[in-house]
Amino acid sequence: MTTLHEPAVPSTSVELSMWPASTTEPRLGDLAVGGVSLAEIADRFGTPVYVLDENEVRDRCRTYRHAFPDAEVLYAAKAFLCRAMVHWMEEEGLGLDVCSAGELELAVTTGFPPERMVLHGNAKSPRDLETALRLGVGRIVIDSPSEIARLAAAVGPGGHQKVMVRVVPGISAGSHEKIRTGTDDQKFGLSISDGYAQHAITRILDQPQLELTGLHCHLGSQITSVKPYLAAVRRMVGLMARLYEQHGLVLPELDLGGGHGIAYRPGDEALDLTTLARRVRTELAEACAAARLPVPRLIIEPGRAIAGPAGIALYHVLAVKRTGDQLFVAVDGGMSDNPRPALYGVRYAPRLIGRHSTADPARVTVVGRRCEAGDILAADVELPDDVRPGDLLAVPVSGAYHLSMASGYNLVGRPPVAAVRDGHARLLVRRESLDDIRSRDVGL
């Protein structure tokens, strides 16, 4: 891929505020990320295609390590995982938070140290647990009472496995009801309020092959306020204090999960990481001092906040039509490569690239090509009034929970992922082909 040497056309900070820091406008109407023209990427790899800025990912990892120098930072692999991402996390000194045997095996076979990994899941399969034990995963987060006996039996009387307990602190936080996980009315974890968490911990302490290293909680996703995390610290330390009183137990670790909110459109709120780190450290120190407990090592699990802003989705326009008062712009992707608008009502800010338009802006709805009325990628957004078939649209903040949640709906095939860095682009994940889809169909 050609490195761009032409002088960049100035763009306002607002116009590019949602884009990776390397984004420039080398020519009017075109954008480059990592020194590579997005239009050239679309030509080379086809569309839809996801573009990941490697330096943006790495810089965000370093920002977390700088903000939390004494904490263990685990990248939440469910946001997006591939072998290159595993490699970047290892080089940047982050651990991994995985949710399945698939994520775990991909990471380990890429060379990631299993002891720096944590396995989550509200209903871990026998394969998940067997794989975690076989590969030597660092910690397993127990999410239900039934896992205690199953895990102890799998470890065996002469074995040893570090575990944590996922606690529900009873705190509502997150931008949508489907991604709030800190309350008692959802499937994750064990509640403090009804005593299930305490009971599970007592059972774990009766299993000598299981070493309880700490407590875990995850409040939800897209949290933009620091206050829920401070409340979680207080409640978790309160539980730690009761465990010390009852069992003489001093836990060395406290995992506050992730859920750190990012901005998807100009003007959106985002979590202030510096403020979060400072206030969580202060709250934790004060709460532990009041409870006369040593301060546990903090663990955090960012995923979206690392991958999301580093990714861009590119689509070609297939059709433009007016229906009543609605102007629909249909692209060659849709809900099977980005289900988030349909699931959570997420709103994006797509931009026309590849040509400069002087037309007035029009309010449009960008839709996909899947056979669903809910296949809407961006509702009520501004694009030039002369948008037409063949145009190229770029959607920033597309690096998390897009490809990782992609489906095979309509047998279209999942898009590829290309990485950009220092003027070069390379393929990380190839496009899913019809041959891939056909090869799985083994019956007649």
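1. Helices H8 and H9. Helix H8 (residues 227–247) and helix H9 (residues 273–291) cross at roughly 25 degrees, and their axes come within 9 Å; H8 and H9 are therefore roughly parallel to each other. Angles under 35 degrees count as roughly parallel. Axes are lines fitted to C-alpha atoms, for helices over the stretch in contact, and angles run from 0 to 180 degrees between N-to-C directions. Helices (H or I, at least four residues) and strands (E, at least two) are DSSP runs, numbered from the N terminus. The crossing of H8 and H9 is right-handed, that is, the near helix is turned clockwise from the far one by less than a right angle.

2. Basis of the model. This is a predicted model, in which local features need pLDDT of at least 70 and side-chain atom pairs count only at pLDDT 80 or more, whereas totals for chains, interfaces and linings use all residues. Residues are numbered from 1 along each chain as its sequence is written, and side-chain values use heavy atoms, with hydrogens and water left out.

3. Contact of H8 with H9. Tyr229, Leu230, Val233, Arg234, Val237 and Ala241 of H8 meet residues of H9 that include Leu276, Arg279, Glu283 and Ala291; contact means heavy atoms within 4.5 Å. Ala, Val, Leu, Ile, Met, Phe, Trp, Tyr, Cys and Pro count as nonpolar, Asp, Glu, Lys and Arg as charged, and the others, Gly among them, as polar.

4. Helices H6 and H7. The axes of helix H6 (residues 145–155) and helix H7 (residues 196–205) come within 9 Å and cross at roughly 10 degrees, which makes H6 roughly parallel to H7. Pro145, Ile148 and Ala149 in H6 meet Ala200, Arg203 and Ile204 in H7. This contact comprises 5 nonpolar, no polar and 1 charged residues.

5. Backbone points to inspect. Most residues other than glycine have a negative phi, and most peptide bonds are trans. The peptide bond from Thr47 to Pro48 is cis, with omega near -5 degrees; Pro48 is placed in the loop between helix H1 (38–45) and S3. Val397, although not a glycine, has a positive phi of about 55 degrees. Val397 lies in the loop between strand S18 (392–396) and strand S19 (417–421).

Definitions and conventions: Parallel < 35°, antiparallel > 145°, perpendicular 65-115°, else oblique.
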